[in-house]
Amino acid sequence: MRRGHNSSGRSNTSTTINTGSNESLSSDSKSSFSKDSQGKSSTSSSSNDLTFAHGAGPQNLYSSTQAHSNIAYNAVLDRDQHTTNGAEGPSLEAGESLIRDCPEVTYVCPFTGSIKGTLYLTNYKLVFSSKDRSFDVPLGVVNRVEKVGGVSSRGENAYGIEIFCKDARNLKFAYNPENHSRREFYEDLIQYAFPISRKALPFAFSFCERFQEEGWNVYEPIAELRRMGVPNESWKITKINDKYELCDSYPAVWAIPVATEEEFIRSVCGFRSRNRLPVLSWLHPYSQASITRCSQPMVGVASKRSRDDEKYLQMILDANAQAHKLYVMDARPNANAVANKAKGGGYESEDIYQNIELVFLDIHNIHVMRDSLRKLKDECYPTIDDSKWLSATEGTRWLEHIRCILSGAIRIADKIENNKTSVLIHCSDGWDRTAQLTSLSMILLDPYYRTLKGFEVLIEKEWLSFGHKFQHRIGHCDDRHSDADRSPVFLQWIDSVYQVIVQFPYAFEFHEYFLITILDHLYSCLYGTFLYNTERERVANDLKKNTVSLWSMINSKKDMYLNPFYSHEVGANKVLLPSAAMRHLKVWKAYYCRFNQRIRAPEPDYIRYQKLQSYKAQLEKKFGEQKIEVESRNHHPLQI
């Protein structure tokens, strides 16, 4: 169990289904923040901080269910919610404190018009409360804040602030220019929404809720490798990178071919971008066909060679006795891979690497994906043109990109399961498109990853430990909203998982609310799970001690996420091969359109699922009781 905190945040597969106090940041200031830095405002009372942190203030803390249901399914935020306690102000999380309140503010709602109320700012969230409506927004969701109008502005709602969120919402609040109330609120909002830009810490370091389950124990790398049957005669577990010196963006524990030695491994690392050599992601339990991941080889325009790298790929092939060819799946379009040669990168040549087949999967880079999501959000909020919905969403190309990812994962799963061949996957640096492909193909191949815990393990392993740059891609608590490194890579993968769930609704232990909860807390910065870029940075900043894991909350409330339609017969021991045809893909309206009041369903699906799960549990209990009664009668027949 994680220790308490005070308000400053200091610690006191065989069948196939086929549908067709401030301290300086570390040297990498974009990705790191000091674990001792603090982001408190002089406007915050220290006595209040202690009261909220320790729960001494009556009615001040959320109940766990209320707080996390509110954040995780933000579609409900546009409805009336109990986010305030009357005169006492907003309800607060453990470790949260009220910074400022601003009465007589107008929320300019794009659906219902102007609503007068009080705007509250805490060190974690923004809360708007009125007689008719209340909602809150975690500050981690804020992408940028802009001032609207000036003191001399005339006209209704012409003076105020506009908040652009990472989850597609735009929120506009108007002030009365006569009292000049905007300046102080704006300055505090900037300070607490973007603490990293001010060399302070996200709220996750102050949050001190306690849960029944300890989420930091969900993933243990050696235990997961042993679940897959490693070590064995072909693969071994190594801690050669335990100090993160060989590859600072890889985990401490790897699985690599048995015959390799340390100097040989160092040589192979040197020929791969960022030293990210091929390591094992997944192993087929019967055929020993493997999924390995890495970065591009550094061949350059001179077509450089590395005998050790060529030998290493042959070792990966030899580990699978049933195959005579290794498939190299390059996630990039062919043209992009060729262009990378001018920068010193490139791809494996079939003329040089013996017994490989190179396949390009045509998944575009992070910049294309960022632009595509921006267009999709514009179509989903705040207005939707029904007459042009299909053509407009097609113009975003978002589903086309999803199709490419899904198609690539299906090809990988097919090679592994039906051809019994091993597959090596990479893109440029091996932490974006590579993670999408490895993790999605593993979901198709291994039913364990379609369970609640297995999915958490998958994220910890393929995304967090292997160095997907969450800090750069999401921009946690950073005010550089135009940073070219930002991109919805992880969101795109979650969307791809959703598309599979739609085609196989009985094969997953969880439903879409679980995915939405993960995405909401990807941005919220309430938990430490997605902070920083690499395992090395998380260890250096001691996240397991100083923050709470998202899985702690989720695993303490499993019933909220369980799929009542989950079937062990369908979900277990089955390989899924969905269709990647465009006619089978659809815009995920429950996520992208949830803030649009004009199209939202009257009741979120997850509420219906919870009711069904409750009915299912009752029926199972009744069935069990009747079964026991029947068996008892059979063993003790009545004597006549």
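Strand E4 is largely enclosed by the rest of the structure, because 5 of its 5 residues are buried. Buried means under 20% relative accessible area, with exposed set at over 50% and partly exposed in between, using a 1.4 Å probe and protein chains only. Strands (E, at least two residues) and helices (H or I, at least four) are DSSP runs numbered from the N terminus. The model is predicted: local features need pLDDT of at least 70, side-chain atom pairs count only at pLDDT 80 or more, and totals for chains, interfaces and linings use all residues. Residues are numbered from 1 along each chain as its sequence is written, and side-chain values use heavy atoms, with hydrogens and water left out.

Two strands pair if DSSP finds at least two bridges between them. The pairings described here are listed below.

| Strands | Bridges | Direction |
|---|---|---|
| E3 (residues 113-122) and E4 | 4 bridges | antiparallel |
| E4 (residues 125-129) and E5 | 5 bridges | antiparallel |
| E13 (residues 326-330) and E14 | 5 bridges | parallel |

A hairpin of 2 residues joins E3 to E4, and a hairpin of 4 residues joins E4 to E5. Leucine 119 has phenylalanine 128 in E4 as its bridge partner. Leucine 126 stands opposite valine 137 in E5, and serine 129 stands opposite serine 134 in E5.

**The five-stranded sheet**

An open sheet of 5 strands has the order E11-E12-E15-E13-E14, with mixed pairing. Strand E11 (279-283) and strand E14 (356-360) stand at the edges, each with a single partner strand, so one side of each is left without a neighbour in the sheet. Neighbouring strands of this sheet are turned by 25° against each other on average, direction ignored. The bridge partner of leucine 326 is isoleucine 356 in E14.

Helix H6 (residues 307-318) packs on the sheet, touching strand E12 (290-293), E13 and strand E15 (423-426), and its direction makes about 120° with that of E13. Helix H11 (residues 433-445) also packs on the sheet, where it touches E11, E12 and E15, and its direction makes about 165° with that of E12. Axes are lines fitted to C-alpha atoms, for helices over the stretch in contact, and angles run from 0 to 180 degrees between N-to-C directions.

**Helices H10 and H11**

Helix H10 (residues 398-417) packs against H11 at an angle of about 55°, with the axes 8 Å apart. H10 and H11 are therefore oblique to each other; angles under 35 degrees count as roughly parallel, over 145 as roughly antiparallel, 65 to 115 as roughly perpendicular and the rest as oblique. The residues in H10 that meet H11 include Ile405, Leu406 and Ile412, and those in H11 that meet H10 include Leu437, Leu440 and Leu444.

**Confidence**

The protein chain averages a pLDDT of 86, and 84% of the residues score at least 70. pLDDT is the predictor's confidence in each residue, from 0 to 100. It stays under 50 over residues 1-14, which have 61 contacts beyond four places in sequence; contact means heavy atoms within 4.5 Å. Over residues 20-32 pLDDT also stays under 50. Where pLDDT is low, the predicted coordinates should not be read in detail.
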